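User: Please take a close look at the interface between the two chains. How are the copies arranged, and what makes up the contact?

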There are 2 protein chains.
Amino acid sequence: MTTRWLTPEEQRAWRAYIGAAHLVEDALDRQLQQEAGMPHMYYSILSTLSEADERRLRMTDLAERLKITRSRLTYAVSRLEKDGLVGRETCRWDKRGSIAALTDEGMAVLESAAPGHVETVREVLFDRLSPAQVEQLEEIFSTVTEGFQGEEAHGTGDDVPWRRRSSKPCSSAAVPTDIPGESG
Amino acid sequence: MTTRWLTPEEQRAWRAYIGAAHLVEDALDRQLQQEAGMPHMYYSILSTLSEADERRLRMTDLAERLKITRSRLTYAVSRLEKDGLVGRETCRWDKRGSIAALTDEGMAVLESAAPGHVETVREVLFDRLSPAQVEQLEEIFSTVTEGFQGEEAHGTGDDVPWRRRSSKPCSSAAVPTDIPGESG
DNA sequence: TAGGTTTGTTTCAAACTTGAACCAAGCCCC
DNA sequence: GGGGCTTGGTTCAAGTTTGAAACAAACCTA
């Protein structure tokens, strides 16, 4: 099959996107590194945990939500754990499982970093976009994300074995009142 | 000042964007790593050079176009140089300057990798977007990029000293017929 | 229920990125 | 024309990411 090159419009869009994405990422990383001593991804981990049930999530779930590899997450959580912002627990119903839990200190750090972070996100992005554009942004990237979800099922013969879909909940909140096992 | 948190619409847009951006980046990196043995950024370096006058560019210019730090570029070019895909030359009119030049081998590698790369870009992005959305994408991220250009001039008191704007051309094509210096 | 596969996670080495520090070469200006 | 500032690039150590390999627990299934 002969290559379908990008049209001039697509080229422009692609370059604008790639360039801006770098700028945005860098700005976020720099701001958070300065004010919270961690890169953006680490902040996202804390943030995601803070919204989860009981402020804890299985590693695989967390990786799935953040769209990162499990290996990357392991490293990041280890660092956050060393800093006392996250704790690791083992899952009682699936002993393979490991659960990341936001500590009070982690919550505090998150809360103190949040305003500065949001301010940066506004500065670099939302303050420059019209409401219509915000909607377009969501629409465009939701579509892109959806594209990836189908891919794994069939795909172009290409599998993505390392990016799995969620596992069972396993947080105590998601557990029935009568807990199995844990007998004695 | 009290924090202007993100509205629900903005939140959704932000999350969609961040998540999709990770997926896209990973997909591109993976594809290029497989088929060309280099991450996306390195491909972009080759690609940018290939379009430049004489297929060569000063380091600072290259960094500016790619929106990356000079330090990151130095490392990347060193690797590409080791692979024989790029050569380094010194600038005759500014002896501080260093010029990265795409070699024939680099051009060949680029050309052989291009179809697969474009195909991936289509798969993950453009094949899922309407022409209107492509336009919106460009508009949105051009705006974002512009935002950064103003920033350095005044900004919120925050300087970005390491991300400079272009230097003088310095490629032989940009040189007047009568070359100064180089007296012999 | 032993053996084989799958799933959840970590580990490891190699590659990459970051930011600060450094070195030269240009530039200014008295 | 000798300081002092700026600019172009590199270097270095510390931190992060990657992908493959290792492990262990869970899940078949004969």
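Analyst: What follows describes the interface between chain B and chain A, beginning with the symmetry. The model is predicted. Chain B is superposed on chain A by a rotation of 180° with 0.0 Å of shift along its axis, and the RMSD is 0.0 Å. The two copies are therefore related as by a two-fold rotation axis. Both copies use the same surface, since 100% of the contact residues of chain B recur in chain A.

As for extent, 63 residues of chain B are in contact with 63 residues of chain A. The area buried between the two chains is about 6000 Å², and carbon and sulfur atoms give 65% of this area. Of the area that chain B buries against chain A, 11% is supplied by Arg4(B), Trp14(B) and Leu23(B), more than by any other three residues.

One of the salt bridges joins Arg15(B) to Glu51(A), with the closest N and O atoms 2.8 Å apart.

On the side of chain B that touches chain A, the elements giving two or more residues are α1 (8-36), α2 (40-51), α5 (104-124) and α6 (131-153) of chain B. The most comes from α1(B), which gives 20 residues to this side. By residue class, the side of chain B that touches chain A divides into 31 nonpolar, 13 polar and 19 charged residues.

Key:
Residues are numbered from 1 along each chain as its sequence is written. Chains are lettered from A and ligands numbered from 1 in the order in which they are written. This is a predicted model: local features need pLDDT of at least 70, side-chain atom pairs count only at pLDDT 80 or more; totals for chains, interfaces and linings use all residues. Side-chain values use heavy atoms; hydrogens and water are left out. Copies are superposed by least squares on the C-alpha atoms of residues with pLDDT of at least 70 in both. Contact means heavy atoms within 4.5 Å. Buried area is the accessible area (1.4 Å probe) that two parts lose on being put together, summed over both. A salt bridge is a side-chain nitrogen of Lys or Arg within 4 Å of a carboxyl oxygen of Asp or Glu. Helices (H or I, at least four residues) and strands (E, at least two) are DSSP runs, numbered from the N terminus. Ala, Val, Leu, Ile, Met, Phe, Trp, Tyr, Cys and Pro count as nonpolar, Asp, Glu, Lys and Arg as charged, and the others, Gly among them, as polar.
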